[in-house]
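Dear colleague,

Please find below the structure that I am handing over to you. My notes on what was found in it follow directly after.

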Amino acid sequence: MSIELIIFICMLATFALSIFLFKMPAGVSLMLAAVVGALIGGQGFPVRHLVEGGFGFLEAILIISTAMIFMRVMQETGALAGVSRGILRLFYRQPTLLIIVITLFVMFPGMLTGLSSTCILTTGALVAPILINIGMQRLAVGALIAMAAVFGEVAPPISIPVMIIGGGVDMPYIGFGLPLLLVSLPPALITALYFRFRYLPDYNVAKVKVYLDSTDGEKYGFKLYIPIIFVILYMIGEIRFHEFVPHLGVPLIFIIGTILGLLTRRGVKLIDVSRTALRSAMPVMAILVGVGMFLQILALTGVRGYLAVTALGLPEGIRYLAAGLMPFMGSAYGSASIIGVPLVYVFIGKSTLVVTAVLVLMAALGDLMPPPALLCAYSSQIIEEPNHFRILKKCIIPMAISMAIGLLILVFAQEIANLIL
Amino acid sequence: MIKNNLSTIIITVITATMGVIAAVSFGKMHHPEELFPSEGLTGKVMLSDYFEGIKGTNGDTEVYLFDSGVEGGTALVCGGAHPNEAASFLSAVVILENLRVTCGRVFIIPRLNNSAFTCSDPMEGFPASYEIPTKYGTRRFRLGSRVTNPLDQWPDPLVFSQYPSNQQLSGFETRNINRSYPGRADGNLTERIAYAIVQLIEKEKVNIAFDIHESSPEVPIVNVIVYHENYEEVAMGAILGLEMAGLQFSPETSPKNFHGLSHREWGDYTNAIPFLMETSNPSMGRLRGRTDVDLVLRGYCDNYKKAKETGALRIAYREDTGEPIAHRVGRHIAGVVELINSYNLYYPDMQIVIENLPDYDMIMEKGVGEFLNN
């Protein structure tokens, strides 16, 4: 058995023992796993590497903390409830269409920003109350939002994992619109239908109507929605009209949105709201610090390369399995960079655009998977479920369906490219 | 009180201690290594002398001039565009510390993206520095990041729209100087550095320009000379010369639809003949094993041997010897020399004659350190 495999098994065992036996938080467990990996890998206690890895997701941590404060303020002002009611009022008579619209709505910020987390923290948080109130189980709501966030990250026009793979193989981000739509939209629709018929079989229009009428509360008019409109439009503007819209960065956009939110309704206490928001986001932020350390030690000790070479070394006939292993890397960006880049070369001879799009779908599913299970962790914050692995469990079937669709497209990548490109 | 908050106090103390230790380590990256130019050096200016917009920033960097005093052409040699590519920087340093010019002029910028030398890439596990033994003692060199330090340019956009092509790349690439050419005077720091370099090329009427790089063994564009389509004959002449010396380089035309790279934009926006060279560096690869100084310098990695045996990828890796630093630096210097020789054949009125650079065999035999001064 190679030393890298031993290190990897020890890291996973440390993580599992820490989280399941000693009931430590996931973030702390990841940090402990990183320390154990470094020690077994002969690196001692590499302070510089642990700190550097811990800062690997600094931007994501800033986005989450500011987004959580923003969403809490929106909750306090009543904007969240207002948007939920609006969507529900429009589509409540057709539940299947309602779930499809909600899925696409959750995907929307990810399509524009390329970040899956924004789907959960913005539109996901908006629709969660709707789904819960029309009778869907909480865990299923969390799972549907997490799955939609994955598809949002993949769908065009902006897909950062494609750009990461493109950066690795010197391929410009051109011509990916249709291939990305092909690998994201059908699985998204199937997932929406799966959740509709599996977890909302007894939808009752009359009951929902009663709920709608009972929740028509105080109205504050259009100004309540200005912060949400500002945040969404500014994010789009930064990307689509970058020559005219100054670059602020996502955290600052959320901060400005928060300030606007405070101006739309009196009585919202920023300190209290921020404290609550950051307290609820703390486990996710700790996970991100832990994941950064974990990935740094994987690279430092050679485990990362070992995993990638093992995937490449699979026999010719089952090479597609290497693509199927991508979600198990536990991070979309990590998976795209580590396995995605070599796999583009493995499948040379097929349409690179379609192959890359499939690999991105596979990589994006990694955001659901442990050890970090980031999207499940975010989603658990939204539905207030302490154990995010219970959300992952609900995602297994739609994940499997999405992977099957992806692999099918991969097998016939060239033929499909001939048809659509 | 203390008892109730004991765990908080312990965690705070541990975190603060780790922070201080890491800060000391990262702080060392802000101390540039001393360079010892050869006696042929005739001048040293700063890149900001060509564009004020980077003065006082970490993007400003030294520009070394070797002027023969004999009328001829002008060459520019750039290393350290990506400071995580050790042979890129070291090749420029070896040229700087040995060069004599007898016709024309040569400019050398060893730390092209100076800011990127002050940080490393998170989650890659790279060592902060490496040491090379020389005749005069050991010299330490920093192994930096592929991109500008975020302390100098932050935050990244979600999507980087390259100027002026509007080509979209991942936001991280906004700090990559080799995606930022031709640059712009009012852009971010990386774009301003790129702009300053283009200003230098234009003001000094550079005829031939080199951008020295390294790449992962699994990337197809490795062990190559990338050339602008207008100057194919110069590249082919050099590749033939290198072939005769036993060094194989593949010719690669600069893609017309991939913007921001030196070989594309220097060729499109200036009169210089641009060349970009890549060697195979296993320490940069995604398939690499344990990441340490030995891998950076010895370039030997079993993972690449195994990956090559799978036949799944085209991998530029020599199973028997690996890709040691002497081999990589030797190839780059041989490439520069042959490209200048080839240029001289096609542009006899603007000759550049350089001397005293070690050839590939000398570097392989004696090691890189033999050609470093003190």
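**The sheet of chain B**

Strand β10 (residues 208-215) of chain B is largely enclosed by the rest of the structure, because 8 of its 8 residues are buried. A residue is called buried if 20 or more other C-beta atoms lie within 10 Å of its own, exposed if 12 or fewer do, and partly exposed in between, with C-beta atoms placed from the backbone. Helices (H or I, at least four residues) and strands (E, at least two) are DSSP runs, numbered from the N terminus.

Please note that this is a predicted model, in which local features need pLDDT of at least 70 and side-chain atom pairs count only at pLDDT 80 or more, while totals for chains, interfaces and linings use all residues. Residues are numbered from 1 along each chain as its sequence is written, and chains are lettered from A and ligands numbered from 1 in the order in which they are written.

From β10(B), the residues B:Ile208, B:Phe210, B:Ile212 and B:Glu214 point one way, and B:Ala209, B:Asp211, B:His213 and B:Ser215 point the other way; all are buried.

β1(B) runs antiparallel to strand β2 (residues 62-67) of chain B, and 4 bridges join them; B:Lys44 has B:Tyr64 as its bridge partner in β2(B).

Axes are lines fitted to C-alpha atoms, for helices over the stretch in contact, and angles run from 0 to 180 degrees between N-to-C directions. Two residues are in contact if their C-beta atoms, placed from the backbone, lie within 7 Å.

Chain B also holds a hairpin that joins β6(B) to β7(B) through 2 residues. Strand β6 (residues 129-134) and strand β7 (residues 137-142) of chain B pair in the antiparallel sense over 6 bridges, and B:Pro133 stands opposite B:Thr138.

**Cores and helices of chain A**

The largest nonpolar core has 256 residues, of which A:Ala146, A:Val358, A:Leu359 and A:Leu368 touch the most other members. Helix α14 (residues 270-301) of chain A supplies the largest share of this core, 15 residues. Such a core is a set of buried Ala, Val, Leu, Ile, Met, Phe, Trp, Tyr and Cys residues joined through C-beta atoms within 7 Å.

α14(A) packs with helix α19 (residues 374-383) of chain A at an angle of about 175°, their axes being 9 Å apart. The two helices are therefore roughly antiparallel to each other, a term used for angles over 145 degrees. A:Ser280, A:Ala281, A:Pro283, A:Val284 and A:Ile287 of α14(A) meet A:Leu374, A:Ala377, A:Tyr378 and A:Gln381 of α19(A).

A:Pro179, in helix α10 (residues 177-199) of chain A, is buried, with 28 other C-beta atoms within 10 Å. Leaving aside neighbours within four places in sequence, A:Pro179 is in contact with A:Leu353, A:Val354 and A:Ala357. A:Pro179 and A:Leu353 lie 174 residues apart in sequence but 6.7 Å apart in space, C-alpha to C-alpha.

**Where the chains meet**

The contact takes 47 residues from chain A and 38 residues from chain B. On the side of chain B, α1(B) gives the most, with 5 residues.

With kind regards

Conventions: Parallel < 35°, antiparallel > 145°, perpendicular 65-115°, else oblique. Pairing = 2+ DSSP bridges.
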